[in-house]
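Here's a quick briefing to read with the model open beside you.

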Amino acid sequence: MDRLIEKITAAVKNPKILIALGLMGILLICLPSFFGGSKKSETVRGGEINVEEYRAGLEKSVEEIVSSITGSKSVKVVITLESGIIYSYADTNEGVSANKTGSGQESTSSESKQSYITVKTADGGEQALLVTTEMPQVRGVAVVCEGGDDEIINEKITNAVTAALNITSKRVYIAGGSFNEKR
């Protein structure tokens, strides 16, 4: 048994094996991103909501507002978002500075170390302490509805959408259209 341990420790000290193990570790870390597909949905902690669900919820809310204004159930809304969900974690900044004096010369050095505050999870693991979750900003809204070409309805829809989503009217486009009820 001691011989086996000696062989393993001797092999691990070999630089080629250390490099190979390091590359395999990096490959294992990156592997899910290569085979995960092009999922753009990011899940908030606990699986509560992802970006696509957030966008779909906004679109449904705007559709309901526009339906209330126009009186028509034939409304199509498309919303584009600026980015994904932004997470902020609790961290500690530890700054270390030192003054060295030797042979009549003075030098100053400083370094900063950032570390995150972690908490233990129910399964015994650790995760960074989440402070805030910022949902993505709305980039633009396109609305197609019956009566969207009418100036008065167009203005009402624009005012309602800009107020509901807290965006400028330049980010809202409204068009009139007719729909076939084949859905």
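This is a predicted model: local features need pLDDT of at least 70, side-chain atom pairs count only at pLDDT 80 or more; totals for chains, interfaces and linings use all residues.

**A tyrosine pair to start with**

Tyr87 counts as partly exposed, at 23% relative accessibility; the classes are buried for under 20% relative accessible area, exposed for over 50% and partly exposed in between, using a 1.4 Å probe and protein chains only. Residues are numbered from 1 along each chain as its sequence is written, and side-chain values use heavy atoms, with hydrogens and water left out.

**The aromatic pair**

- The structure holds one aromatic pair, where pairing means that rings of Phe, Tyr or Trp (its six-membered ring) have centres within 6.5 Å.
- That pair is Tyr87 with Tyr89, at 6.4 Å centre to centre and with 35° between the planes, so it goes down as tilted. For reference, planes under 30 degrees apart count as stacked, over 60 as edge-to-face and the rest as tilted.

**The chain as a whole**

- The protein chain has four helices and nine strands. These are DSSP runs numbered from the N terminus: H or I of at least four residues for helices, E of at least two for strands.
- Reading from the N terminus, the order of elements is α-α-α-β-β-β-β-β-β-β-β-α-β.
- Of the chain's 183 residues, 19% count as buried.
- Take the contacts (heavy atoms within 4.5 Å) between residues at least 6 apart in sequence: 64% of them join residues at least 24 apart.

**Helix H3**

- H3 covers residues 51-70, which is 20 residues, and its first and last C-alpha atoms are 28 Å apart, close to the 28 Å expected at 1.5 Å a residue. The expected span is 1.5 Å times one less than the number of residues.
- Which residues of H3 are buried? They are Val51, Tyr54, Leu58, Glu59, Val62, Val66 and Thr70.
- Seen down the axis of H3, those buried residues fall within an arc of 130°, so they line one face of the helix. The arc is taken over the directions from the helix axis to the C-beta atoms.
- Packing against the buried residues of H3 are strand S1 (75-81), strand S8 (138-145) and helix H4 (151-165).
- At the start of H3, a side-chain oxygen of Asn50 comes within 3.0 Å of the backbone nitrogen of Glu52.
- After H3 comes Gly71, with a positive phi near 80°.

**Helix H4**

- The 15 residues of H4 should span 21 Å at 1.5 Å a residue, and its end C-alpha atoms are 21 Å apart, which agrees.
- Buried in H4 are Ile157, Thr158, Val161, Thr162 and Leu165.
- These cover an arc of only 125° around the axis, which puts them on the same side of H4.
- On the other side of H4, Ile152, Glu155 and Ala163 are exposed.
- Cover for the buried residues of H4 includes H3, S1, S8 and S9.
- Asp150 caps the N-terminal end of H4, with a side-chain oxygen 3.2 Å from the backbone nitrogen of Ile152.
- Thr158 is buried, with a relative accessible area of 14%. Leaving aside neighbours within four places in sequence, Thr158 is in contact with Ser169 and Ile174.
- Ile153 is also found in H4. With the neighbours within four places left aside, Ile153 is in contact with Ile69, Thr70 and Gly147.

**Loops around H4**

- Gly147 sits in the loop between S8 and H4 and is partly exposed, with a relative accessible area of 35%.
- The C-alpha atoms of Gly147 and Thr70 are separated by 6.7 Å, although these residues are 77 apart along the chain.
- Asn166 lies in the loop between H4 and strand S9 (172-176). Its phi is near 55°, a positive value in a residue other than glycine.
- Is Asn166 buried or exposed? Asn166 is exposed, with a relative accessible area of 69%.

Note on methods:
A polar contact is a pair of N or O atoms within 3.5 Å; within protein, one must be able to donate a hydrogen and the other to accept it, and residues adjacent in sequence count only if both atoms are side-chain atoms.
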